[in-house]
Amino acid sequence: MATNELWTPERIPDPFAGVAKLLFDWIPLLLLVLGWEVVSGRAVSESVLPPPTAVAAATVDLFATGEVVPHLAVSLLRVGVGLSLSIVVGVLLGIGMSQSEAVENFFDVFLSLIYPLPKTALVPLALLWLGIGTKTAVLIVFLACLLPIVMNANNAAENVDRNLIRSARMMGTSDRRLFWKVVIPATIPEILTGIRQAIPFAFISLISAELIASEQGMGRLIRDAGSLGRYPAMFATIVIISAVAYTAVYGFEQVRERVLVWT
Amino acid sequence: MDGSIGISNLEKVYGEGTERTKAIDDLSFDIDGGEFVSVVGPSGCGKSTLLYIIAGFLDITDGTVSVDGTPIDGPGTDRGVVFQDYALFPWRTVKENVLYGLEEAGVPDEEADATAQRFIDMMDLSGFENKYPKELSGGMKQRVALARTLAYDPKILLMDEPFGALDQPLRETLQDQLIDIWGDLDKTVVFITHDVEEAVYLSERVMIMTRHPGTKKTVTEVDLDRSGPREDIVTSDEFTRKKNEVWRSLREETKSEVQP
């Protein structure tokens, strides 16, 4: 009797499952690259729009000569530090605001004010305060990532199922332990969603900051290659940073799925 | 300490000023240790409020509510609540859910594990220990919730329409399981339901509540021999008579709602 009660989801067969789906997903990009290759040097001058083959060669070249390596390393460090800081501060702030009215009232106005502001608008100001370099980039990345993480953590912490809290208290969990035993685990899915949303923002803000206020990093490399007329190298840098951002999001989603087997 | 509950002149008011609504008014009722009592009433009669007051989730406005003679002060492990929506921790497996109360009580791992397994087996959940709640049907979730509550051995079970979301055959299975548990484990049970048949089938006494504000209307004693199979119980004269009695009393209340 017990077994037929087990809930099993309906499975709709997907005609594009597995490898076929993977190929199918990438067809639009493939078409774009093919079209680009055809147009370049014919409809548009090769110097303005270098063909993908030239960009590919420049990409290989950037790694072969080692030119891109220090820039990429610096950029990854900035994204890593900025994002990590925003996770720590964002989670604490988001959950803290749900637990204490004083904390919520204090930070609410700041968060409401910086929410609609494009964080890249703060680059000149950050530059003035922190000078050219890593500190400015980290600050901008931090600010750009903070909001989605705070919002998701706060929303989740405020909406923890009341009966879960009641059950835990009934079973002898003190208010202090309640935080670790119930509030944190119940909030984890949305914290991870917030981080997932923040990752693209991290790269957007990183490149914006580096274009203006850095002597190193992928943003700076894009600017330098552009101003020196090395367009294949410029495109190659954009391709590399896009691939890195894509991998970061994809990798994070894999981790997230593994952590959230229970959702 | 036998798990008796004493309620005297209980009053519960929600809100203030013009928002004031009296949910429960002057309710007095005593429940013996080991007794199975159901509370039925029209929706909005305050029966869930009453249960949550006994659980310690809600403050009272006036009167006293005590367990074994001691006034209630917040939730505590002498009582256990089973909710209609199960309230299982979704990040914990079946086994981990059942272990929760034992962990919090500081029971040594090995002993806790054996106790949890005993109640998992009792609730026919063997083989599902490592499943997460999302993988279970409603009936199984409610059995996990029951096992989790029984595992830390509260004297009093407070059940808030626990089978309300389940279909009839499943509900009957769980009702019979509950009767067995009650017979074996010597618990006081306060069972909230709007299902008259369920109330009479399960309980020794059924309290019918009035609506707006809620208070005790009538109490029906049900004297059934529950050792036999369900078909013998539901076809007995006592069952039919008491079911009609409770139904009539409840009917008066529901009617007064339509014709104020």
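Let me begin in chain B, where strand S1 (residues 5–14) and strand S2 (residues 21–31) pair in the antiparallel sense over 7 bridges. Strands here are DSSP runs of E with at least two residues, helices are runs of H or I with at least four, and both are numbered from the N terminus. Two strands pair if DSSP finds at least two bridges between them.

Before going on, the ground rules. This is a predicted model, in which local features need pLDDT of at least 70 and side-chain atom pairs count only at pLDDT 80 or more, while totals for chains, interfaces and linings use all residues. Residues are numbered from 1 along each chain as its sequence is written, and chains are lettered from A and ligands numbered from 1 in the order in which they are written.

Back to the hairpin of S1(B) and S2(B). There are 6 residues between the strands, and B:Gly15 takes a positive phi near 75°. B:Tyr14 has B:Thr21 in S2(B) as its bridge partner.

S1(B) also pairs with strand S4 (residues 62–67) of chain B, in the antiparallel sense and over 5 bridges. S4(B) in turn runs antiparallel to S5(B), with 2 bridges joining them. B:Val67 stands opposite B:Thr70 in S5(B).

Put together, these 4 strands form an open antiparallel sheet of chain B in the order S2-S1-S4-S5. Why is one side of S2 and of S5 (70–71) in chain B left without a neighbour in the sheet? Both stand at the edges, each with a single partner strand, so one side of each has no neighbour.

Chain B has another open sheet, of 6 strands with mixed pairing, in the order S6-S7-S8-S3-S9-S10. S6 and S10 (216–221) of chain B are at its edges with a single partner strand each, so one side of each lacks a neighbour in the sheet. On average, neighbouring strands of this sheet are turned by 15° against each other, direction ignored; the axes are lines fitted to C-alpha atoms, for helices over the stretch in contact, and angles run from 0 to 180 degrees between N-to-C directions. S6(B) pairs with strand S7 (residues 156–160) of chain B in the parallel sense over 4 bridges. In that pair B:Val82 stands opposite B:Met159 in S7(B).

Next, the cores. A nonpolar core is a set of buried Ala, Val, Leu, Ile, Met, Phe, Trp, Tyr and Cys residues joined through C-beta atoms within 7 Å. Buried means 20 or more other C-beta atoms within 10 Å of the residue's own, exposed means 12 or fewer, and partly exposed is in between, with C-beta atoms placed from the backbone. The largest nonpolar core has 77 residues, and B:Val98 and B:Val144 are among those with the most contacts inside it. H4(B) gives the largest share of this core, 7 residues. A second, separate core has 51 residues, including A:Leu143 and A:Ile241.

Which residues does B:Val98 touch, leaving aside neighbours within four places in sequence? Among them are B:Phe119, B:Val144, B:Ala147 and B:Arg148. Contact means that the C-beta atoms of two residues, placed from the backbone, lie within 7 Å.

Now the interface. In chain B, 26 residues are in contact with 18 residues of chain A. Strand S6 (79–82), helix H2 (94–104) and helix H4 (138–151) of chain B each supply at least two residues of this side. The residues on that side of chain B divide into 15 nonpolar, 5 polar and 6 charged. In this count Ala, Val, Leu, Ile, Met, Phe, Trp, Tyr, Cys and Pro are nonpolar, Asp, Glu, Lys and Arg are charged, and the others, Gly among them, are polar.

Then chain A. An unreviewed UniProt entry has "domain: ABC transmembrane type-1" over residues 72–250 of chain A. UniProt positions are in the numbering used here, feature names are shortened, and annotations may be inferred rather than shown by experiment. That span is 85% helix and 0% strand, with its end C-alpha atoms 19 Å apart. UniProt also lists residues 138–157 of chain A among the stretches under "transmembrane region" (unreviewed entry). Residues 138–157 of chain A are 100% helix, whereas residues 109–132 are 58% helix.

Last, A:Arg256, in helix H10 (residues 231–259) of chain A. Is A:Arg256 buried or partly exposed? A:Arg256 counts as partly exposed, because it has 16 C-beta neighbours inside 10 Å. Leaving aside neighbours within four places in sequence, A:Arg256 is in contact with A:Leu192 and A:Arg196.
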